[in-house]
Amino acid sequence: MREQTRQPAPLPRRIVIVGGGTSGWMAAAAFSRFLGEGWYVRLIESEDIGTVGVGEATIPQIQHFNAGLGIDEADFVRATQGSFKLGIVFADWLRPGHRYIHAFGGIGRPLGLIAFHHYWLRHCVQDGADDLWAFSATAQAAAQNRFGPAPAIAHAYHFDASLYAAYLRRYAEARGVERIEGKVVDVTQDSASGDIVSVTLDGGLSVEGDIFVDCSGFRGLLIEGALNSGYEDWRHWLPCDRALAVPCESVSPITPYTQSTARAAGWQWRIPLQHRIGNGHVYCSDHMSDDEAARILLDNLDGPALADPRPLRFVTGKRRQIWKNNCVSLGLASGFLEPLESTSIHLIQAGIARFLQYLPGETVDTADRDAFNAQMDFEFASIRDFIILHYHATEREGPMWQHCREMALPDSLAQKIALFRANGRIARFNEELFTETGWLQVLWGQGIRPRGWHPLADALSEADLAEFMMLAKAQASQQAAALPTHEAYIAAHCAAP
Ligand code: FAD
């Protein structure tokens with residue numbers, strides 16, 4: 001058998017990004033940082049079309065993205081009118097008047113082989129106490145409006161998404177990414193393979209590429225418009241399909257958490273930035289009119305609205321093939337999950353990281369693309385399950401809530417709930433995004449109670465268990481109490497000019 005040596009792919013390889021919202025500029029910045037000289041990156045965007053203009057709350061993983069680019073935290077927060085985020089407060093989700101937080105970071109202290117919460121479950125029975133969040137420094141800090149970058153304080157950010165995109169644009173352009181202003185009006189494909197060869201702009205310019213990155217937003221101009229990837233519709237599990245977004249004047253204190261308040265047929269977000277508060281109402285159009293949704297939103301603002309509510313429509317779900325032929329989709333072009341757990345920007349980042357991991361050479365290998373798609377599918381589905389849990393495990397009344405309580409769940413989620421109900425165990429698979437502590441807080445916060453706990457938690461004597469719990473609680477509250485207020489921290493380190 002004759003051996004063949006693989007020839008290096010011709011350079012430079014040309015990447016064309018279509019779309020300059022958060023996803024387009026995140027991709028451009030990452031490519032400019034991690035691909036070498038052999039890659040030529042261009043980004044096409046249309047000021048006439050604009051961006052979706054929402055997307056202000058994040059999860060801690062964004063720190064890895066920014067750190068990978070070498071971005072300084074204080075500089076970034078200042079430039080984006082940002083604030084720090086310690087978690088998401090869920091108000092009225094279990095029932096009106098109830099409140100809990102999904103705080104970032106760990107809870108309690110490690111002891112032996114099993115997770116802290118098994119000891120805590122036993123402690124609940126022994127001492128009748130059930131405040132899980134007393135053992136989280138992050139939750140305590142959030143409740144007291146404190147923030148500081150102490151090692152145990154896991155955090156993310158709230159920021160103005162258009163300022164973040166502009167920040168990344170400056171970063172990417174300084175590293176050689178070429179920006180082209182114009183509207184894509186046509187896509188040329190190879191007649192045999194279906195691969196995209198070029199896109200044509202309204203002025204007639206044709207932009208050729210080897211790889212195309214579809215960041216064109218909900219319309220999925222390339223992945224759907226040209227390549228007909230297809231869409232998996234998840235509205236039977238997550239029936240909300242509209243949102244209204246409106247900024248209002250800022251009020252003090254700037255809270256270091258996102259708030260999500262359940263409403264009659266959806267929920268309202270509150271995202272505090274330095275210069276304003278971002279608000280929005282996500283709702284199900286089968287059960288609420290646009291006028292009523294707007295009234296509820298405007299009746300529940302902290303300060304005067306700074307604009308009229310902006311309507312948005314979406315279909316929850318994902319592309320059947322997020323990467324098809326020589327086109328990978330990112331952001332809204334790849335799918336949409338409502339922002340209940342602030343996961344969309346994370347999905348962009350995960351898509352970019354995976355694409356770099358499976359970066360094609362001269363041609364796209366099906367095995368690489370299938371592995372990428374399988375991992376993205378899993379990530380979308382596991383986040384979907386986490387969001388469904390909030391809607392399903394609730395005592396709220398009203399037709400939408402009743403539907404969500406009674407609907408058949410995805411097997412993956414039904415198994416997670418059953419496992420937790422049995423002995424408080426939480427199983428995570430593959431590279432699942434949410435941690436054991438994340439699942440624990442939402443399972444517990446939404447009222448699901450285990451029948452038992454891991455038997456190894458019985459190994460401690462009652463006195464030792466009580467002392468262990470007392471120390472863990474004291475440690476959490478001391479850590480939180482040692483932090484400055486969130487506003488004082490921003491004023492000292494990253495106040496926007
Ligand atoms: P877009 O912002 O829509 O950008 C699309 C780009 O494509 C634009 O630059 C546009 O000009 C360009 N374009 C389109 N068509 C053409 C064409 N023909 N020619 C040239 N250019 C074109 N995410 C979070 O992480 N946290 C949140 O709190 C959050 N809240 C959200 C709330 C709502 C109601 C919604 C709908 C989304 C939210 N998201 C959130 C998601 C977040 O907004 C998006 O993931 C993020 O903004 C990325 O959008 P995008 O870049 O994919 O698309």
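## Terms and model

Two strands are said to pair if DSSP finds at least two bridges between them, and strands (E, at least two residues) and helices (H or I, at least four) are DSSP runs numbered from the N terminus. The structure is a predicted model, in which local features need pLDDT of at least 70 and side-chain atom pairs count only at pLDDT 80 or more, while totals for chains, interfaces and linings use all residues. Residues are numbered from 1 along each chain as its sequence is written.

Strand E16 (residues 277–283) has 7 of its 7 residues buried, so the strand is largely enclosed by the rest of the structure; a residue counts as buried if 20 or more other C-beta atoms, placed from the backbone, lie within 10 Å of its own. Both faces are covered, with Ile277, Asn279, His281 and Tyr283 buried on one side and Gly278, Gly280 and Val282 on the other.

Strand E13 (residues 242–248) pairs with E16 in the antiparallel sense over 7 bridges, and within this pairing Cys248 stands opposite Ile277. Strand E15 (residues 266–272) also runs antiparallel to E16, joined to it by 7 bridges, with Gly266 opposite Tyr283, and a hairpin of 4 residues links E15 to E16.

## The annotated Lys85

An unreviewed UniProt entry lists Lys85 under "active site", given in the numbering used here, although such annotations may be inferred rather than shown by experiment. Lys85 lies in strand E3 (residues 83–85) and is buried, with 29 other C-beta atoms within 10 Å. Leaving aside residues up to four places away in sequence, Lys85 touches several residues, including Ala57, His155, Tyr157 and Tyr257, where contact requires C-beta atoms, placed from the backbone, within 7 Å.

## Two domains

The protein chain is divided into domain 1 (13–56 + 160–231 + 319–364) and domain 2 (84–155 + 242–313 + 377–497), with bounds from an automatic or database domain assignment. Their centres, taken over C-alpha atoms, are 32 Å apart, and 16 residues of domain 1 are in contact with 21 residues of domain 2. Helix H9 (residues 344–357) supplies the largest share of the side of domain 1 that touches domain 2, namely 3 residues.

Technical notes:
Buried ≥ 20, exposed ≤ 12 C-beta atoms within 10 Å, placed from the backbone. Contact = placed C-beta atoms within 7 Å.
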